[in-house]
Amino acid sequence: MKISFVATVFNEEKTVTALLDSIFKQTRLPDEVVIVDGGSRDLTVAKIKNEKLKMKNDNEKLKIFIKPKSTIAQGRNYGIEKATGDIIVMSDAGCVLQRDWLEKITEPFIKENADIVAGFYRMIGSTPLQKALSVFLGIPRERFDQNKFLPSARSIAFKKTLWKKIGGFNEKLERAGEDTQFNYEALKLGAKFVRVKDALVDWEVPKNLWEGLRKFYIYAKGDVQAGIWWHPTQRISTHNLKIFSVFVRYAVGIMLFALAFKYEILGFILALFILAYFVYPIWKMRDVVTDFRARLWLPIMQIGSDIAVVAGTSRGLLKSLA
């Protein structure tokens, strides 16, 4: 079983060395590492080449390809096409792999004849803002569902033959949603999924609010462009239906606000609605976010993520209709 690690990078001079270092310190090493750079304007490529030089006699294992202006999906497909392994493992810049990640994420291909393996990711952040942001950007370990969890490109492995059957990652998607749709297509084909909670990568969430909101915007835009409204495992809990519920909530709020000028009781109901909306995220994440200062950030994250999601979804819909 030949294993190829594939990753795409773009302006990742601050994170790419840590990613590569963690790859080459695995308890089981990949047979090759394929990095596709999307045309970085910083020192990303120079740092990759520097790591290649350090490998000396083994430097052929690390392969670098430059594909200027390529999207994430295009970069992933190009890297997989160039990879020679029959098993593809993937993570992203900004992640650091636990030392036994590769060993654990590839084991199900031998023991359980898996087609696709979902590893997990641990969201890292020390500030109250990061702790609050993490539960909105990803899935906390406390919420991991062994039967429903679907892999993120931060921690995934699959047979190259499955990638070919699916037709690769959807290159029509600009910056996000390609892994969600890939999983969806794999499920439709009846691929065998295995979930390994202990196949971990560490992913540091954004350190500032603006960057966090930007990610919500990008993810929402990608999800609506992917167009998945019903899901074989998530059913009505798809990202897009959750986004639709955000629109409904705010539409109801605006309606109550408008009618409150005529009916005083509706103003009271609206006030209760707003209060509940601020309290709900704190109550919902009470077992996950235990830091009191982080809990104070949760209502802000709720409102901020809603606004970013509405904006991203609207933008995605407009581009899809154009």
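# Briefing: buried elements, ring contacts and a pocket

In strand β2, Glu32, Val34 and Val36 point one way while Val33, Ile35 and Asp37 point the other way, and all of them are buried. This is a predicted model, so read what follows with that in mind.

- Six of the six residues of β2 (residues 32–37) are buried, so the strand is largely enclosed by the rest of the structure.
- In a regular strand, side chains alternate between the two faces of the sheet.
- β2 pairs with strand β1 (residues 3–9) in the parallel sense, over six bridges.

**Two enclosed helices**

- Helix α5 (residues 128–137) has eight of its ten residues buried, so it too is largely enclosed by the rest of the structure.
- The buried set in α5 is Pro128, Leu129, Gln130, Ala132, Leu133, Ser134, Val135 and Leu137.
- For α7, the buried residues are Glu178, Asp179, Gln181, Phe182, Asn183, Tyr184, Ala186 and Leu187.
- After α7 comes Gly190, with a positive phi near 80°.

**Aromatic rings**

- There are 14 aromatic pairs in the structure.
- Take Phe65 and Tyr78: their ring centres are 5.7 Å apart and their planes sit at 80°, so this pair is edge-to-face.
- Phe65 belongs to strand β3 (residues 62–66) and Tyr78 to helix α3 (residues 72–82), so the pair ties together parts that are 13 residues apart in sequence.
- Phe65 counts as partly exposed, at 22% relative accessibility, and Tyr78 also counts as partly exposed, at 22%.
- Elsewhere, Phe120, Tyr121, Phe144, Phe149 and Trp203 come together as one aromatic cluster.

**Charges over rings**

- Tyr121, one of the residues in that cluster, has the charged end of Arg154 sitting over its ring, 4.7 Å from the centre.
- Arg286 lies over the face of Trp283, at 4.3 Å from the ring centre.

**The second largest pocket**

- This pocket has a volume of about 280 Å³.
- It is lined by 19 residues, and the closest to its centre are Met123, Lys131, Ser134, Val135 and Val288.
- β6 (116–124) and α5 are the elements that give two or more residues to the lining.
- β6 gives the most to the lining, with five residues.
- By type, the lining residues split into ten nonpolar, four polar and five charged.

- Lys69 has phi near 65°, a positive value in a residue other than glycine.
- Lys69 is placed in the loop between β3 and α3, and with a relative accessible area of 80% this lysine is exposed.
- Asn113 likewise has a positive phi, near 50°, and is a residue other than glycine.
- The loop holding Asn113 runs between α4 (101–111) and β6.

Key. Residues are numbered from 1 along each chain as its sequence is written. This is a predicted model: local features need pLDDT of at least 70, side-chain atom pairs count only at pLDDT 80 or more; totals for chains, interfaces and linings use all residues. Side-chain values use heavy atoms; hydrogens and water are left out. Rings of Phe, Tyr and Trp (its six-membered ring) pair if their centres lie within 6.5 Å; planes under 30 degrees apart count as stacked, over 60 as edge-to-face and the rest as tilted. Helices (H or I, at least four residues) and strands (E, at least two) are DSSP runs, numbered from the N terminus. Buried means under 20% relative accessible area, exposed over 50%, partly exposed in between (1.4 Å probe, protein chains only). A charge sits over a ring if NZ of Lys or CZ of Arg is within 6 Å of the ring centre and within 35 degrees of the ring normal. On a 1 Å grid over the protein atoms alone, a cavity is a set of points where a 1.4 Å probe fits but cannot get out, and a pocket is an open set with protein on both sides within 12 Å along at least five of seven lines; lining residues have an atom within 4 Å of a point. Grid points are joined across faces, edges and corners, and a volume is the space filled by probe spheres set on the points. Ala, Val, Leu, Ile, Met, Phe, Trp, Tyr, Cys and Pro count as nonpolar, Asp, Glu, Lys and Arg as charged, and the others, Gly among them, as polar. Two strands pair if DSSP finds at least two bridges between them.
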